[in-house]
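Subject: Structure handover

Dear colleague,

Here is the structure you were waiting for. Please open it alongside this message, as the notes below refer to individual residues.

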Amino acid sequence: MARPLRIEYAGGLYHITCRGNESKDIFIDDHDRTRFMEYLGKNTAKYNVIMYAYCLMSNHYHLFSETLEANLSRFMHAINTSYTVYFNRRHQRIGHLFQGRYKAIVVDRDAYLLELCRYIHLNPVRAGVVSDPAEYRWSSHRAYLGVDERESLINSDIILSMFSLDRNEALERYGTFINEGIGVENPLKRAVGQVMLGEDEFIQNTKERINLGVSASEISNLREIKGVTPEDVFRTICEEFNISEGELKKRKKNWLPKKIAMYILKNYTTLPLRTIGEMFDTGYANVSITAKKLETLMAENPTLKERVERVLKNLKMKT
């Protein structure tokens with residue numbers, strides 16, 4: 001059987017699994033799990049990766065990550081090699097620890113970000129290890145609840161903001177969402193070709209990237225090739241508000257033109273969130289939160305919605 005394709009690009013969102021060789025345990029005790037988490041944290045920072053969720057089971061682990069650069073293979077190689085060397089030395093063994101290569105599925109953010117986070121956090125419940133996911137120490141669920149010392153590894157703001165912009169309300173809705181997932185079908189069963197999970201448009205776009213042989217640096221600009229570039233976005237918004245590009249980027253964060261720019265760049269380009277944040281001297285999490293807030297305001301304010309739609313219409317006419 002041919003190996004599943006490797007799809008790597010800046011801004012790619014992946015569900016990753018890695019299993020022990022011959023299904024044997026890769027974590028013998030909490031000392032092993034702690035050491036693995038050290039390698040995970042170190043390389044998440046080194047390779048510029050956003051970690052949305054993880055879960056360590058006895059003979060495998062799950063990661064749900066976004067690579068801000070096209071470097072998934074290097075990221076995973078660093079983690080698994082470091083941990084294998086440690087594990088073999090500590091347990092006085094030789095040979096492969098993991099069962100072949102890791103498995104990575106590129107994921108449609110809009111359709112499956114929440115669902116896969118839930119799937120990962122419910123792994124210990126499905127395995128019968130615990131009845132409540134909050135009881136399991138070795139997943140990121142407790143970090144979302146704010147009761148885990150590894151909270152800094154996880155970017156929970158983006159996912160929690162999808163439930164509510166009020167943190168307490170978001171936590172309550174998140175908890176309900178997680179519990180409602182018990183008994184729900186494994187979403188990974190819907191993956192196409194063992195490498196893609198998403199709606200039809202996402203699958204088609206991903207196939208086009210593969211068939212066209214687009215390089216890693218070009219993949220992040222795929223929608224820009226279709227017509228939408230940051231320069232077009234800035235120019236159109238500046239004309240709408242009669243301002244300069246310098247004003248657009250440097251004014252205070254709650255300024256409406258800046259919010260609209262972040263919203264459009266996030267939703268109508270494939271630029272990584274970190275890249276968008278750097279344009280406005282802010283963090284990638286703030287880009288997502290700002291875009292979410294604008295969506296909420298548009299739903300409540302028809303005049304604002306009309307203005308954003310006018311900017312989009314003018315943008316599409318130019319491109």
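What follows is a summary of the fold, then the salt bridges, then the aromatic residues.

Please keep in mind that this is a predicted model.

Overall picture

The protein chain contains 16 helices and five strands. Of its 319 residues, 51% are buried. Among contacts with a separation of 6 or more, 70% are between residues 24 or more positions apart. The chain exposes about 15,700 Å², and carbon and sulfur atoms supply 47% of that area.

Salt bridges

The whole structure has 14 salt bridges.

Arg-33 and Asp-30 form a salt bridge with an N to O distance of 3.1 Å. Both belong to helix α1, which covers residues 30–46; they are three residues apart, so about one helical turn separates them. Arg-33 is buried, at 11% relative accessible area, while Asp-30 is partly exposed, at 34%.

A second salt bridge joins the side chains of Glu-66 and Arg-109, at 3.2 Å from N to O. This pair links distant parts of the chain, with Glu-66 in strand β3 (residues 60–67) and Arg-109 in helix α3 (residues 109–121), 43 residues apart. Is Glu-66 buried or exposed? Its relative accessibility is 1%, and the cut-off for buried is under 20%, so Glu-66 counts as buried. Arg-109, at 24%, counts as partly exposed.

Helix α3 also holds Glu-115, whose partner Arg-190 sits in the loop between α7 (167–180) and β5 (196–197). The closest N and O atoms of Arg-190 and Glu-115 are 3.2 Å apart, and the two form a salt bridge. This pair again links distant parts of the chain, 75 residues apart. Arg-190 is partly exposed at 35% relative accessibility, and Glu-115 is buried at 18%.

Finally, a network of salt bridges links Asp-29, Asp-32 and Arg-90.

Aromatic residues

The count of aromatic pairs is 13. In one of them, Phe-36 and Tyr-61, the ring centres are 4.7 Å apart and the planes meet at 50 degrees, so the pair is tilted. Phe-36 is in helix α1 and Tyr-61 is in strand β3, so this pair ties together parts that are 25 residues apart in sequence. Phe-36 is buried at 0% relative accessibility, and Tyr-61 is buried at 0% as well.

Tyr-61 also pairs with Phe-98: their ring centres are 6.2 Å apart and their planes are at 85 degrees, so the pair is edge-to-face. Phe-98 lies in the loop between α2 (72–90) and β4 (103–107), and the pair links distant parts of the chain, 37 residues apart. Phe-98 is buried, with a relative accessible area of 8%.

Which residues form one aromatic cluster? The members are Phe-27, Phe-36, Tyr-61, Tyr-83, Tyr-86, Phe-87 and Phe-98.

There is also a contact between a charge and a ring to look at: Arg-118 lies over the face of Phe-177, at 4.0 Å from the ring centre.

Regards

Definitions and conventions
Residues are numbered from 1 along each chain as its sequence is written. This is a predicted model: local features need pLDDT of at least 70, side-chain atom pairs count only at pLDDT 80 or more; totals for chains, interfaces and linings use all residues. Side-chain values use heavy atoms; hydrogens and water are left out. Helices (H or I, at least four residues) and strands (E, at least two) are DSSP runs, numbered from the N terminus. Buried means under 20% relative accessible area, exposed over 50%, partly exposed in between (1.4 Å probe, protein chains only). Contact means heavy atoms within 4.5 Å. Accessible areas come from the Shrake-Rupley method with a 1.4 Å probe; for residues, only the protein chains shown count as cover. A salt bridge is a side-chain nitrogen of Lys or Arg within 4 Å of a carboxyl oxygen of Asp or Glu. Rings of Phe, Tyr and Trp (its six-membered ring) pair if their centres lie within 6.5 Å; planes under 30 degrees apart count as stacked, over 60 as edge-to-face and the rest as tilted. A charge sits over a ring if NZ of Lys or CZ of Arg is within 6 Å of the ring centre and within 35 degrees of the ring normal.
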